[in-house]
Amino acid sequence: MKTLFLQAPSFDGFDGGAGSRYQAKREIKSFWYPTWLAQPAAMVPDSRVLDAPADEISVEDSLKIAEGYDLVIIHTSTPSFPTDAKFAELLKARKPNVLIGLVGAKVAVDPTGSLTASRAIDFVAREEFDYTCKEVAEGRPFESITGISYHLADGTVQHNPPRAMIENMDDLPFVAPIYKRDLTISNYFIGYLNYPYVSIYTGRGCRSKCTFCLWPQTVGGHRYRTRSAANVLAEAKWIKENMPEVKELMFDDDTFTDSSNMERVHEIARGLGAMGWTWSCNAKANVPYESLKIMKENGLRLLLVGYESGDDQILHNIKKGLRTDIARRFTEDCRKLGVTIHGTFILGLPGETKETIDKTIQFAKEINPHTIQVSLAAPYPGTTLYKQAVDNGWLKENEAVNLVNEKGVQLALIEYPHLSKQDIFHGVEKFYRAFYFRPSKIWEIVKEMLTSWDMMKRRLREGVEFFRFLRAHEA
């Protein structure tokens with residue numbers, strides 16, 4: 001079947017779910033690659049990936065494009081599901097015989113609710129959906145395809161047996177050729193990455209048990225299944241040769257630097273260094289100095305690090321597997337080696353108080369990553385955090401659909417007897433102001449702006465967007 005893999009139109013500034021982790025409008029406009037759609041698209045001949053938010057394609061124009069396909073597979077999330085289902089209904093009204101399927105964590109954890117929400121949705125793919133999409137596109141009968149749920153003729157929902165996890169990750173084709181074929185590379189930018197960049201996965205799953213983290217608890221699992229170093233380096237070489245405009249590679253694995261994986265990381269780093277790559281990755285704040293040194297000497301520029309909180313009890317509550325003293329030592333090691341850090345923090349996690357919010361703000365100022373992102377605790381269905389919140393009365397069941405408002409701004413949903421939603425929500429603005437409105441941090445950013453005219457223009461644009469974000473939080 002002629003197949004379209006679609007990131008449907010959404011609220012202005014939606015970035016495609018930030019690698020499926022953070023499904024809200026960011027403080028500064030940014031776009032991540034739709035890797036989870038590009039991967040199955042690479043397995044389906046003559047398919048196309050359409051990223052409507054990044055390309056700024058309207059609902060009407062997206063519908064006109066989708067009408068030309070027999071099968072449309074939409075990546076959805078808890079916040080975007082209502083608009084994605086509406087898009088499916090509009091498309092069915094125009095082309096009743098089109099087959100429409102949804103993929104993503106939302107439908108993986110709630111296949112029945114997703115299907116009963118709209119008859120326009122013909123099927124949903126649970127678990128890892130790469131081969132599922134391929135088999136649907138080949139026209140196989142639904143009853144023969146594992147990992148899908150679908151409507152039967154009488155309106156009931158059929159759940160086929162689950163699909164086994166992919167074990168040999170090298171069997172998956174490269175996604176970069178699909179990026180080049182279908183996407184406008186210049187549309188993808190992140191405030192802390194060199195522009196233009198490309199992000200890919202070198203493995204799936206995460207051994208960490210963080211209670212709030214969506215993808216490992218819903219689709220990827222807690223076993224870290226990796227591509228071989230040779231396979232990763234072959235794709236890096238392809239990008240170098242075929243996408244020469246790319247200035248940085250970003251490895252978007254949940255934890256690229258997992259301790260079980262460091263020899264492979266060293267091998268990949270040395271291969272990247274030999275190619276002359278500048279690269280970045282997600283990391284836990286516990287990478288040994290010796291490994292950091294090897295990575296830095298071979299092109300590592302930045303680590304995206306989830307600190308989450310400056311309070312050890314909160315880190316224990318969320319099963320982070322980390323203490324603040326280890327995070328401090330790691331951060332100092334990065335500073336000594338010249339590795340830039342983009343640090344992420346979350347307010348409103350179990351155990352949060354006004355005092356711990358202040359403690360985390362102080363912690364962030366002391367360790368002083370170059371840039372930060374502050375999020376609100378997001379109780380996505382399918383996560384331990386969601387179950388905890390419902391069981392303890394911190395959140396009403398099914399309220400997680402309101403994770404963002406109509407403009408895509410993340411909302412505080414969890415509240416505690418001692419800490420209101422409003423206190424948590426406004427803590428984000430307080431955090432940003434305390435961190436960035438310091439003379440030392442302002443001077444640090446000004447010096448960076450003076451390095452080039454491109455950086456000057458970029459930071460000025462981001463500054464305007466950032467102040468708009470702060471005003472939204474004041475409202």
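**Figure 1. Ring pairs link Trp32, Tyr33, Tyr179, Tyr188 and Tyr197 into a cluster.** Rings of Phe, Tyr and Trp (its six-membered ring) are paired here if their centres lie within 6.5 Å; planes under 30 degrees apart are called stacked, over 60 edge-to-face, and the rest tilted. The model is predicted, so local features need pLDDT of at least 70 and side-chain atom pairs count only at pLDDT 80 or more, while totals for chains, interfaces and linings use all residues. Residues are numbered from 1 along each chain as its sequence is written, and side-chain values use heavy atoms, with hydrogens and water left out.

**Figure 2. Trp36 meets Tyr201 edge-to-face.** The ring rule gives a count of 19 aromatic pairs. In the one shown here, the centres of Trp36 and Tyr201 are 5.8 Å apart and the planes stand at 70 degrees, so the pair is edge-to-face. Trp36 belongs to helix α1 (residues 35-41), whereas Tyr201 is in the loop between β8 (197-200) and β9 (203-204), so that the pair links distant parts of the chain, 165 residues apart. Helices (H or I, at least four residues) and strands (E, at least two) are DSSP runs, numbered from the N terminus. Are these two residues buried or exposed? Trp36 is buried, at a relative accessible area of 6%, and Tyr201 is buried too, at 12%. Buried means under 20% relative accessible area, exposed over 50%, and partly exposed in between (1.4 Å probe, protein chains only).

**Figure 3. Two lysines sit over aromatic rings.** The charged end of Lys106 is placed over the ring of Phe81, 4.8 Å from its centre. Over the ring of Trp277 sits the charged end of Lys240, 4.2 Å from the ring centre. To qualify, NZ of Lys or CZ of Arg must be within 6 Å of the ring centre and within 35 degrees of the ring normal.

**Figure 4. The largest nonpolar core has 121 residues.** Such a core is a set of buried Ala, Val, Leu, Ile, Met, Phe, Trp, Tyr and Cys residues joined through side-chain atoms within 4.5 Å. Tyr179, Phe251, Trp279, Met295, Leu303, Tyr307 and Phe330 have the most contacts inside the largest core. Helix α17 (residues 421-436) gives the most to this core, with seven residues. Zooming in on Trp279, and leaving aside neighbours within four places in sequence, its contacts (heavy atoms within 4.5 Å) include Glu248, Phe251, Met295 and Arg301.

**Figure 5. Ala364 is buried in helix α15.** This helix spans residues 354-367, and Ala364 has 0% relative accessibility. Not counting residues up to four places away in sequence, Ala364 touches Phe345, Pro369, Phe431 and Phe435. Gly343 is 21 residues from Ala364 in sequence and 8.4 Å from it in space, C-alpha to C-alpha.

**Figure 6. Six strands make an open, parallel sheet.** Their order is β8-β11-β12-β13-β14-β15. The edges are β8 and β15 (371-376), each with a single partner strand, so one side of each has no neighbour in the sheet. From one strand to the next, the twist averages 20 degrees. Strands pair if DSSP finds at least two bridges between them; four bridges join β8 to β11 (residues 248-251), with Ser199 opposite Met250. Helix α17 lies across β14 (340-347) and β15, running at about 170 degrees to β15. Axes are lines fitted to C-alpha atoms, for helices over the stretch in contact, and angles run from 0 to 180 degrees between N-to-C directions.

**Figure 7. A second open sheet holds seven strands with mixed pairing.** The order is β2-β1-β3-β4-β5-β6-β7, and the edge strands β2 (48-51) and β7 each pair on one side only. Five bridges join the parallel strands β3 (residues 71-75) and β4 (residues 99-103), where Val72 has Ile100 as its bridge partner. Helix α7 (residues 130-137) packs on this sheet, touching β1 (3-7), β3, β4, β5 and β6, and makes about 160 degrees with the direction of β3.

**Figure 8. Strand β6 has antiparallel partners in β5 and β7.** Three bridges join β5 (residues 123-125) to β6, with Ala125 opposite Ile148. Three bridges also join β6 to β7 (residues 157-159), and here Ser149 stands opposite His159. From β6 (residues 148-151), Ile148 and Tyr150 point one way and Ser149 and His151 the other, and all are buried. The hairpin of β6 and β7 has five residues between the strands, and Gly155 takes a positive phi near 95 degrees.
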